[in-house]
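Dear colleague,

I am passing on the model we spoke about, and my notes follow below it. Please read them with the structure open beside you.

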Amino acid sequence: METPKTAEFAHIGKSVIIKGELSGSEDLYVDGQVEGSIELAGNRLIIGPHGQVRANVNAKGVIVQGKLDGNIRASERAELTKSAIAVGDIITQRVAIEEGAYFKGKVDIQKETTKTDGAKPVTAAASAAASSAAASSAATVAMKINPSDGK
Amino acid sequence: MKFFGSSDSTAQDAAAAQRAKLTRRSSSLAQLIKSLDSEETLCILDLGSTSPANIRYCTERGHKIYSDDLLISSTDPSLAIKDEAGKPTLDSKRFLEENLVYPGAQFDIVLCWNLPDYLDESLVKPVIGRLWSLLKPGGMLLAFFHTQEAGPDAPCYRYHIMGGDTLEMQHIARGDGKKGSPASKFRLQRVFNNRNIENLFRDFASIKFFLARDNVREVLVVR
């Protein structure tokens, strides 16, 4: 199993904490903390080894190397690497789980999934709260994070 | 499970991954495999350690599989309480509130493996009771029990379905479950004799015993 190169991915760095709904139309690499939901229809999501995600995830492909507490809906493929700790259900067409991964939940292989256009603009809304080092990390995050006023 | 805490168990993982796998034949598995191979869209609950092989085997045949490492969940320190006599025990009520909860799901097959032998005494009957309610009528439960000859140091294994009647076994320790605890052995809690096993599954419709060579009694129970 080969992990895709992440140079072209939008990055959420180790020191970034995001709470809210995260959606986009480009591949995303999360090595920080995300709480809420992640919607990347038509694109890939990688939760890096330091990533800690508490969210339901919807993407074309999902690779978990860190921690995920939430359901995965991957239209093509979901993969848990050996360092993954995933709690939640997986609904996808193909699944790969490496030896050593911890998984608690259901695996449901669905051969036919609804196609999505993936044309949504990249936004990270709701209450985005960056940690102290977020300013430096923000330069690498190829998306707009709008702190929410709760409306 | 703590999510925003820190637990780097890479070294433990590497050590665990290097542990050799043993192969064993299982007559009870052979019976289950007939169902797995011939029926479509079964709903399966695997209560052993996460097994990519089991997930692959089941999903390749179009089945749904739930994976829930109940032994690791039972080691949650916050479950420890004292009973009326002041003796340490585990909070079975809370354990069942947090585990074996699958809204809307009923299972055709439950893979218990050797869970009852290693599970704390206070949890065994409540867990089997819950499994009865989770199984569909006619659903099957597979469990392995050590015989007296196995001894108290009988290693705890995770089981990987290889197909046919073949299982791969891999030794597991407490630290392998990535809950931040150091690796230590799971201890055999007790030895069930045939009568104990029959009592444990007395609410089920039928029970079938298979005696294996490695001091293990295999049991296939039908709800």
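Helices (H or I, at least four residues) and strands (E, at least two) are taken here as DSSP runs, numbered from the N terminus. On that basis chain A has one helix and eleven strands, arranged along the sequence as β-β-β-β-β-β-β-β-β-β-β-α.

This is a predicted model, in which local features need pLDDT of at least 70 and side-chain atom pairs count only at pLDDT 80 or more, while totals for chains, interfaces and linings use all residues. Residues are numbered from 1 along each chain as its sequence is written, and chains are lettered from A and ligands numbered from 1 in the order in which they are written.

The pLDDT (the predictor's confidence in each residue, from 0 to 100) averages 79 in chain A, where 70% of the residues score at least 70. Within chain A, strand β6 (residues 67–69) has the highest confidence, at 98, and helix α1 (residues 134–138) the lowest, at a mean of 34.

Of the 151 residues in chain A, 47% are buried, a term that requires 20 or more other C-beta atoms within 10 Å of the residue's own, with C-beta atoms placed from the backbone.

In chain B, helix α3 (residues 52–60) has Asn54(B), Ile55(B), Tyr57(B), Cys58(B) and Thr59(B) as its buried residues. The elements covering them include β9 (90–97) and β10 (102–109) of chain A, together with α2 (27–38), β2 (43–46), β3 (64–67) and β8 (157–163) of chain B. After α3(B) comes Gly62(B), with a positive phi near 85°.

With best wishes

Key:
A residue is buried if 20 or more other C-beta atoms lie within 10 Å of its own, exposed if 12 or fewer, and partly exposed in between; C-beta atoms are placed from the backbone. Two residues are in contact if their C-beta atoms, placed from the backbone, lie within 7 Å.
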